[in-house]
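Please walk through the interface in the structure shown here, beginning with a single pair of side chains and widening from there.

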Amino acid sequence: MALDHVLGRSPAVSAVTETRGARLLLVAVAMAFLALFLFLPLVAVFIEAFRRGTGTYLAALAEPETLAAIRLTLTVAAIAVPLNLVFGVCAAWAIAKFEFKGKAFLTTLIDLPFSVSPVISGLVYVLLFGANSVLGPWLKSYGIEILFAVPGIVLATIFVTFPFVARELIPLMQEQGTGDEEAALSLGASGWQTFWRVTLPNIKWGLLYGVLLCNARAMGEFGAVSVVSGHVRGLTNTMPLQVEILYNEYNFVAAFAVASLLALLALVTLVLKSILEYRFGDAIAASNGH
Amino acid sequence: MEVQVKNLRKEFDRFPALDDVSLGIRSGELIALLGPSGSGKTTLLRLIAGLETPTEGAIFFGDEDASRKTVQERNVGFVFQHYALFRHMTVLENVSFGLKVRPSATRPSRQAIRERALELLDLVQLSGLEKRYPAQLSGGQRQRVALARAMAIEPKVLLLDEPFGALDAQVRRDLRRWLRAIHDTTGHTTVFVTHDQEEALELADRVVVMNKGRIEQIGTADEVYDAPGSPFVYGFIGESSSLPVTVEGGQVLIADRPIGLTATDVPDGKALLYYRPHDIELLDGCGGCIAGTVAASRRVAGTRRVELEVGGARERVEVELPIDHPAAQKSRIAFRPTRWKLFPMGEGRPEEKMSVSRSQPLQRELAPAEF
């Protein structure tokens with residue numbers, strides 16, 4: 001303020017304000033880019049899917065192999081997301097509320113799936129459970145199939161989607177500290193009561209947000225799953241893999257029909273995310289004012 | 001409930017935060033732990049609560065060894081510095097929490113819990129706000145909710161960590177009187193931590209002055225102010241000045257000249273003379289006095305504080321004068337303390353004592369200037 005006064009500026013005008021033309025140009029470039037690279041492809045997916053009418057669209061989705069792919073994708077997400085929810089809360093709890101040796105290492109490790117190419121994540125499991133590995137033949141002798149079967153797909157999905165919940169919770173729990181938990185304990189609550197009545201309500205919005213992102217990625221994952229799945233039709237094909245197969249067979253309507261379901265999932269996730277951010281933002285503001 | 005702290009030691013990463021601390025708290029007493037940052041006062045409070053485990057030593061609640069119990073079993077009411085109210089619960093739910101989480105055998109009925117919580121909210125003058133959320137309350141109101149919540153479990157001891165630290169000065173003064181009134185009504189044995197000496201002296205039955213993980217002195221407000229037991233207490237509580245002097249045959253000397261003070265119970269040798277700037281008399285001639293050159297003068301509320309340079313080493317001391325006293329215009333002032341104390345700089349720990357006197361300005365910064 002004082003400086004503004006010295007410089008003879010009105011304090012209402014920010015020093016970094018651009019001219020009107022520059023602002024318009026920036027907005028136009030950003031909008032054009034978004035339209036071209038994000039919005040048009042999305043529209044194209046739906047146009048292609050409905051090119052031969054709703055009947056064909058529904059018929060394409062009702063194909064047994066496609067239905068199997070949808071069922072598999074839902075199954076994998078239903079296993080991977082709850083597990084990552086539990087792992088994520090545990091990891092975030094450990095990192096945010098305790099001091100221990102190797103904490104920095106653990107934090108880095110959680111980010112590993114983000115920094116590794118999904119194909120490598122898949123290959124890791126091939127090396128671990130493949131025919132030439134140590135574990136693979138041993139498990140096979142007990143009749144347990146990991147690779148080119150559902151367990152492999154679940155493992156690869158868990159690996160790839162692990163960071164979402166933990167990443168979301170760590171900063172939130174670190175900011176909240178251990179004060180509320182200490183208060184609950186001093187009032188006589190057991191550890192379990194403290195978790196359910198105090199810790200969980202404090203992180204519920206962040207947790208939901210993390211789960212949503214985790215779910216979107218679990219259903220949409222292609223690279224890692226592609227390596228471990230083996231592409232057995234009707235058995236180990238998830239939705240993204242099914243899209244690829246249909247497309248390679250020049251069955252465009254069916255490919256885009258399945259793709260439209262995935263796109264729809266993305267849209268629903270975005271809407272829910274925005275709603276949560278709105279709510280979550282309020283919760284953060286309330287906790288900061290507290 | 002009587003609380004006995006016995007030879008308590010607490011180390012964090014081998015650094016002693018508390019070193020051989022013993023303290024007896026009488027039943028129904030309101031006691032203040034006072035000290036600068038890092039003196040170990042909050043650590044001591046958290047150890048009594050069971051939020052930390054002692055490295056050595058024990059804590060007794062009455063005849064019971066509480067140090068073997070968990071925080072849940074100790075049944076203490078703890079009020080956190082930033083209140084730690086549960087933000088997703090209403091005021092009423094916050095206050096009822098401690099009763100609701102009890103095992104069903106000892107849990108009062110739903111109706112009884114509600115009545116007890118409303119009764120407490122009435123006690124802390126928050127009736128009508130029971131449906132609010134913590135975010136909708138002012139700082140002072142949150143403080144009172146935190147207190148009501150802690151009292152709901154009928155604690156053996158009430159522990160408050162910097163209870164007024166996060167509030168502005170006016171609210172702080174009001175709450176202080178109000179807390180004293182609550183204490184006198186309910187009679188809980190209460191321990192509170194503060195770095196604000198005014199708060200400690202005004203509110204507490206007894207003050208525990210802490211420094212560097214040790215207890216320097218325990219006493220009533222009058223005792224710690226009028227008869228400080230160590231150079232640290234002299235420097236930390238109230239205003240004070242200190243001067244290095246020599247004691248010879250019961251006479252106190254500065255630069256080999258007697259200053260008119262006799263000290264019969266202090267051994268010959270170097271010592272530190274402590275006095276308060278307002279406990280002095282001004283002298284005209286200097287046949288046994290402390291004389292100094294005026295270095296600075298500033299007005300503090302209704303008086304004038306004059307800084308003097310004394311002796312060859314130009315030690316700085318302060319004296320307090322009435323606002324329109326003519327001496328304030330002079331360039332040299334001669335005075336003699338009327339109340340003072342000598343702390344011998346013995347063979348034992350002279351450096352530490354010196355450092356205590358040197359670090360005085362720092363300590364005064366730590367205590368908010370609310371005089």
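B:R87 and A:D180 form a salt bridge through their side chains, with N to O at 3.2 Å; the term requires a side-chain nitrogen of Lys or Arg within 4 Å of a carboxyl oxygen of Asp or Glu. Between chain B and chain A the count is two salt bridges. This is a predicted model, in which local features need pLDDT of at least 70 and side-chain atom pairs count only at pLDDT 80 or more, while totals for chains, interfaces and linings use all residues. Residues are numbered from 1 along each chain as its sequence is written, chains are lettered from A and ligands numbered from 1 in the order in which they are written, and side-chain values use heavy atoms, without hydrogens and water.

The contact (heavy atoms within 4.5 Å) draws 22 residues from chain A and 23 residues from chain B. On the chain B side, these residues comprise 15 nonpolar, three polar and five charged, where Ala, Val, Leu, Ile, Met, Phe, Trp, Tyr, Cys and Pro are nonpolar, Asp, Glu, Lys and Arg are charged, and the others, Gly among them, are polar.

About 2000 Å² is buried between the two chains, with carbon and sulfur atoms giving 60%; buried area is the accessible area (1.4 Å probe) lost on putting two parts together, summed over both. In chain B, the most area is lost to chain A by B:Q72, B:R87 and B:V101, together 32% of what that side buries.

As for confidence, the model scores ipTM 0.81 and pTM 0.79. Chain B has a mean pLDDT (the predictor's confidence in each residue, from 0 to 100) of 87, and 93% of its residues reach 70 or more.
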